[in-house]
Amino acid sequence: MIMGISFARGVLFHDRNVLACAEVKNGVIEVWAEKISLRTIGKLWVRIFFSFPWYYQLLHLGLVLYVLAALVYPEAAVVDPWWAAIYVAGFHFVFPRELKKFHGAEHKVFSYGGEKRLESWEEIARADIVNAGCSTNLVVCFFAGFLLAIPFVPLAFGVAAGCAGIFIGMVGDKLLRKYCGFLYRISAFFQRYLTTKEPNRLHLETAIRTYRQFEYIRSKELQATEAA
């Protein structure tokens, strides 16, 4: 199964064995790919965290420090620190502009049915920006559980209900699509109008280069496995 992740400087695609990433540095697209290991995962998360604009990083540092301070000195907490979990769960809705554009490019590459070539970037640009498998689905599941529970329970239990919603969304996807299709329609609406933006050529070429590199590395891995 191929999965995609967008960040504020680029796009990556991966399966359980191989990860490929393309990122924009000083206006130039750089591409790399590796077999998945703990080192690769660490490399990935460093890129994601440090790709955000400085004011996002400052906000996130402040949130972490506030939560730690609230754990040590609960009586000094002005706002319930569990609201930080709500922010994390809803982070899709406050993506920075460039991340939304890379997110849109990632979705369009997935949606495009033809061969994903650089020469086809204009056709890919016209593909659907909504992705049926987007993680926004799980965000909607979180808030469905949270909003159903929060009128009746404390905030911490509301967050737990939201996490249960994510779990149900992950393991019961087929049943939810059959009986709770409105959740996916809500997700599609959010993807179209909140969590993505129409990408420019640079964003599309970045996503296309990533996908092609992923396919190339994965084909080599499959050939090596068959030869063995």
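Predicted model: local features only at pLDDT ≥ 70, side-chain atom pairs only at ≥ 80, totals over all residues.
Residues are numbered from 1 along each chain as its sequence is written, and side-chain values use heavy atoms, with hydrogens and water left out.

**View 1. The open sheet of 4 strands.**
The strand order is β1-β2-β3-β4, with antiparallel pairing. Strands (E, at least two residues) and helices (H or I, at least four) are DSSP runs, numbered from the N terminus, and two strands pair if DSSP finds at least two bridges between them. β1 (3–7) and β4 (28–35) are at the edges with a single partner strand each, so one side of each has no neighbour in the sheet. From one strand to the next, the twist averages 15 degrees.

**View 2. Strand pairing and hairpins.**
Strands of a sheet pair through backbone hydrogen bonds, either parallel or antiparallel. Here β1 and β2 are antiparallel over 5 bridges, and they form a hairpin with 2 residues between them. Gly4 has Phe13 as its bridge partner in β2. A second pairing, also antiparallel, joins β2 and β3 over 5 bridges, with a hairpin of 3 residues connecting the two strands. Leu12 has Cys21 as its bridge partner in β3. Between β3 (residues 18–25) and β4 there are 8 bridges, again antiparallel; Val24 is partnered by Ile29 of β4.

**View 3. Strand β2 and its two faces.**
In β2, 5 of 5 residues are buried, where buried means under 20% relative accessible area, exposed over 50%, and partly exposed in between (1.4 Å probe, protein chains only). In a regular strand the side chains alternate between the two faces of the sheet. One side of β2 carries Gly10, Leu12 and His14 and the other Val11 and Phe13, and all are buried.

**View 4. Helices against the sheet.**
Helix α1 (residues 38–50) lies across β1, β2 (10–14), β3 and β4, at about 155 degrees to β4. Axes are lines fitted to C-alpha atoms, for helices over the stretch in contact, and angles run from 0 to 180 degrees between N-to-C directions. Contact means heavy atoms within 4.5 Å.

**View 5. The nonpolar cores.**
A nonpolar core is a set of buried Ala, Val, Leu, Ile, Met, Phe, Trp, Tyr and Cys residues joined through side-chain atoms within 4.5 Å. The largest has 19 residues, and those with the most contacts inside it are Val11, Phe13, Val109, Ile124, Ala207 and Phe214. Two or more residues come from each of β2, β3, α4 and α10 (201–227), and α10 gives the most, with 6 residues. Beyond its neighbours within four places in sequence, Ala207 is in contact with Val11, Phe13, Ala105, Glu106 and Val109. Another core, of 13 residues, lies apart from this one and includes Phe7, Leu12, Cys21 and Phe91.

**View 6. Salt bridges.**
The count is 10 salt bridges, each a side-chain nitrogen of Lys or Arg within 4 Å of a carboxyl oxygen of Asp or Glu. Glu23 and Arg47 form one of them, with the closest N and O atoms 2.6 Å apart. Glu23 lies in strand β3 and Arg47 in helix α1, so the pair ties together parts 24 residues apart in sequence. Both residues, Glu23 and Arg47, are buried. Salt bridges link Arg9, Glu23 and Arg47 in a network. Arg39 meets Glu34 at 3.2 Å, N to O; Arg39 is exposed, at 58% relative accessible area, whereas Glu34 is buried at 17%.

**View 7. Aromatic pairs.**
There are 18 aromatic pairs. Rings of Phe, Tyr and Trp (its six-membered ring) pair if their centres lie within 6.5 Å; planes under 30 degrees apart count as stacked, over 60 as edge-to-face and the rest as tilted. The ring centres of Phe13 and Tyr211 are 5.1 Å apart with planes at 80 degrees, so this pair is edge-to-face. Phe13 is in strand β2 and Tyr211 in helix α10, 198 residues apart. Ring pairs also link Phe52, Trp54, Tyr55, Tyr56, Tyr87, Phe91 and Phe95 into a cluster.
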